[in-house]
Amino acid sequence: MSVSTIPLSSSVDVHVIPILSDNFSYLIHDKDTSTAALVDPAEPQKLLDVATKLQANVTTSLTTHHHWDHAGGNIQLAKLVPQIEIIGSAYESADGVTTRLESGVSHQIKGSSLVVSTLRTPCHTMGHLCFVTDTTRKAVFTGDTLFVAGCGKFFEGAASDMQQSLNSTLASLEDDTFVFCGHEYTVTNLLFAASVEPNNQFVQEKLKWAKKQVSNGVPTVPSTIGDEKQFNPFMRTAVRELGEEVGVSDDNPVEVMKALRERKNAFRP
Ligand SMILES: [Zn+2]
Ligand SMILES: [Zn+2]
């Protein structure tokens, strides 16, 4: 799969860097100051190679949560880039983290004018953080909380936590906020979405598009918060027809979230 580049402003680009079998890591490049911040670089050398090509000085790395396929490159990264600041969650411990941030904090990337703010989105892990950029076009790095058309497994939290994380915390971001997630699961997620919302035209269109992207070796990120609200069943738990489809008759988004996750866990496309 190829590296793709998405501009967030005249000076800031996001480079999408596929790693491991289906993970996405990211390099946020501030061209004005020739600095870069990494997101979940579990194979650090691959990201440092991109930084070298861009002649960017890597000062910072952002860790969304403690799982090895996200935080597992941090120790090696610190050896390769000794002065690097490795940011992680104040609510859980992860390999190599040097700065632990709470939710709702703004943090300036060293050597850059770029600022990222944190949002705690507990459930997949209880300390999971998402990072939001302060660029002209905002971007949120969602790790394993929000995927394109899906969400992470509830390893540490309950359906009520994911309901809050997706449909209060992340849903309150502007609709045009880019979503950069932790895995390429989009086609399977949309096949599941089509199984629970067979009449949702946005699901059918996105599925057609995603299949084409994947067969061309092009990542399906970024999505946007506004688009997710149209085709991601986990961000549509208040839709009555969807609730009825998964056997929840009264308006109870938390029960819909729980039923959706159970069905998705058992889903084989
Ligand atoms: Zn994870
Ligand atoms: Zn993961």
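A: Begin with a strand. Helices (H or I, at least four residues) and strands (E, at least two) are DSSP runs, numbered from the N terminus. Buried means under 20% relative accessible area, exposed over 50%, and partly exposed in between, with a 1.4 Å probe and protein chains only. Strand E11 (residues 139-143) is mostly covered, with five of its five residues buried. Ala139, Phe141 and Gly143 point one way from E11, Val140 and Thr142 point the other way, and all are buried.

Q: What should I know about the source of these values?

A: This is a predicted model, in which local features need pLDDT of at least 70 and side-chain atom pairs count only at pLDDT 80 or more, while totals for chains, interfaces and linings use all residues. Residues are numbered from 1 along each chain as its sequence is written, chains are lettered from A and ligands numbered from 1 in the order in which they are written, and side-chain values use heavy atoms, with hydrogens and water left out.

Q: Which strand pairs with E11 in the antiparallel sense, and which runs parallel to it?

A: Two strands pair if DSSP finds at least two bridges between them. Strand E10 (residues 129-133) pairs with E11 in the antiparallel sense over two bridges, and the two form a hairpin with five residues between them. Phenylalanine 131 has phenylalanine 141 as its bridge partner in E11. E14 runs parallel to E11 and is joined to it by four bridges; there, valine 140 stands opposite valine 179.

Q: How do I read a nonpolar core, and which residues have the most contacts inside the largest one?

A: A nonpolar core is a set of buried Ala, Val, Leu, Ile, Met, Phe, Trp, Tyr and Cys residues joined through side-chain atoms within 4.5 Å. The largest here has 35 residues, and Tyr26, Ile28, Phe141, Phe180 and Val221 have the most contacts inside it. Elements that each supply at least two residues of this core include E10, E11, E14, H5 and H6. H5 gives the most, with four residues. Apart from this core lies another, of 28 residues, among them Cys130, Leu170, Phe234 and Met257.

Q: What is phenylalanine 141 in contact with?

A: Contact means heavy atoms within 4.5 Å. Leaving aside neighbours within four places in sequence, the contacts of phenylalanine 141 include Val14, Tyr26, Ile28, Phe131 and Phe180.

Q: Is histidine 128 buried or exposed, and where is it found?

A: Histidine 128 is found in the loop between strand E9 (115-120) and E10. Histidine 128 counts as buried, at 0% relative accessibility. Beyond its neighbours within four places in sequence, histidine 128 is in contact with residues including His65, Glu92, Thr142 and Asp144.

Q: How do I read a metal site, and which residues coordinate the zinc ion (ligand 2)?

A: Donors are N, O and S atoms within 2.8 Å of the metal (3.2 Å for Na, K and Ca); water is not among the atoms, so sites may look incomplete. Asp69 (OD), His70 (NE2), Asp144 (OD) and His183 (NE2) coordinate the zinc ion (ligand 2) at 2.1 to 2.3 Å. Aspartate 69 is buried, with a relative accessible area of 9%, and histidine 183 is buried at 4%.

Q: Why is the arrangement around the zinc ion (ligand 2) irregular?

A: Four donors count as tetrahedral if all angles lie between 85 and 135 degrees; four count as square planar and six as octahedral if opposite donors are over 155 degrees apart and all others between 65 and 115; anything else is irregular. The four donor atoms around the zinc ion (ligand 2) subtend angles of 87 to 159°, which makes the arrangement irregular.

Q: What are the protein donors of the zinc ion (ligand 1)?

A: They are His65 (NE2), His67 (ND1), His124 (NE2) and Asp144 (OD), lying 2.1 to 2.3 Å from the zinc ion (ligand 1). Angles of 91 to 169° make this arrangement irregular. Aspartate 144 bridges the zinc ion (ligand 1) and the zinc ion (ligand 2), which lie 3.5 Å apart. Histidine 65 and histidine 124 are buried.

Q: How many disulfides are there?

A: A disulfide is a pair of cysteine sulfur atoms within 2.5 Å. By this rule the count is zero. For cysteine 130, the nearest cysteine sulfur is that of cysteine 181, 11 Å away. The sulfur of cysteine 151 is 7.2 Å from the closest cysteine sulfur, in cysteine 123, too far for a bond.
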